[in-house]
Amino acid sequence: ILAQGSSTKLNATPPPLAAALWSTPLFAKMRTLCQEESIKVPKDVKITIKSKMVEVTGKHGNLKRDFKHLPIELYLSDNGKKVCARMYFAKSKQLSMLRTVCSHISNLFDGVMKKYEYRMRLVYAHFPINATITNNGTTCELRNFLGEKRVRVINMLPGVKVEKSAQTKDELVITGTDIDLTSRSAALIRQSCLVKNKDIRKFLDGVYVSSHGTIED
């Protein structure tokens, strides 16, 4: 029994080992032994994998993609009907690259089977933007943007075609098998018509992507 007026100070500092266990979760640095993702190969598509170099062939041509920079294992299984991506001793954030690889390969399948299409609208308030397609659909020339005399020449990336829409006025249609090259070609057109030294909330002229996706047969 403590005497009146006396005070004791309890030692609330845990031992070093207990402090380490409390501050760090037991499974924080645990690695997954083996993780695998797979994707089915569609019909009428031929795929070859060699040293993490993927080549896909379909009715619209063939596409290649290199995954050598990723520490994964890529192989075909089920008699070539399924693509598998496997990874050993990976942390949780590193495992996300497995689904990413499968998504890239799925985009290759869609490209050689259906093609990708980006639709862009010419938007203007006063000065009409004039679009001219040259070089058999590989070059787009834009004139009269905000009344400027300069001709904006945009060359499409390899394998990408641009044309004017037959149904809609002031619309461009960009098509290609590679989703990266097709979307980047649309971005080149978009970035060629940026409003400079004005309030972009008021001056909304430009060429904008209105829709994108695969072309339905």
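Student: What is the volume of the largest cavity?
Tutor: This is a predicted model: local features need pLDDT of at least 70, side-chain atom pairs count only at pLDDT 80 or more, and totals for chains, interfaces and linings use all residues. Numbering starts from 1 along each chain as its sequence is written, and side-chain values use heavy atoms, without hydrogens and water. A cavity is a set of points, on a 1 Å grid over the protein atoms alone, where a 1.4 Å probe fits but cannot get out. Points are joined across faces, edges and corners, and probe spheres set on them fill the volume; for the largest cavity this is about 40 Å³.

Student: Which element gives the most to the lining of the largest cavity?
Tutor: Lining residues have an atom within 4 Å of a point; among them are Leu63, His104 and Asp178. Helices (H or I, at least four residues) and strands (E, at least two) are DSSP runs, numbered from the N terminus. β4 (61–66) and α2 (96–113) each supply at least two lining residues. With 3 residues, the top contributor is α2.

Student: What is the strand order in the open sheet of 4 strands?
Tutor: Strands pair if DSSP finds at least two bridges between them. The edge strands, each pairing on one side only, are β11 (160–164) and β13 (206–214). With antiparallel pairing, the order is β11-β12-β7-β13.

Student: Which residue in β12 is the bridge partner of Glu163?
Tutor: β11 and β12 (residues 171–176) run antiparallel, joined by 5 bridges. In β12, Glu163 has as its bridge partner Val173.

Key: On a 1 Å grid over the protein atoms alone, a cavity is a set of points where a 1.4 Å probe fits but cannot get out, and a pocket is an open set with protein on both sides within 12 Å along at least five of seven lines; lining residues have an atom within 4 Å of a point.
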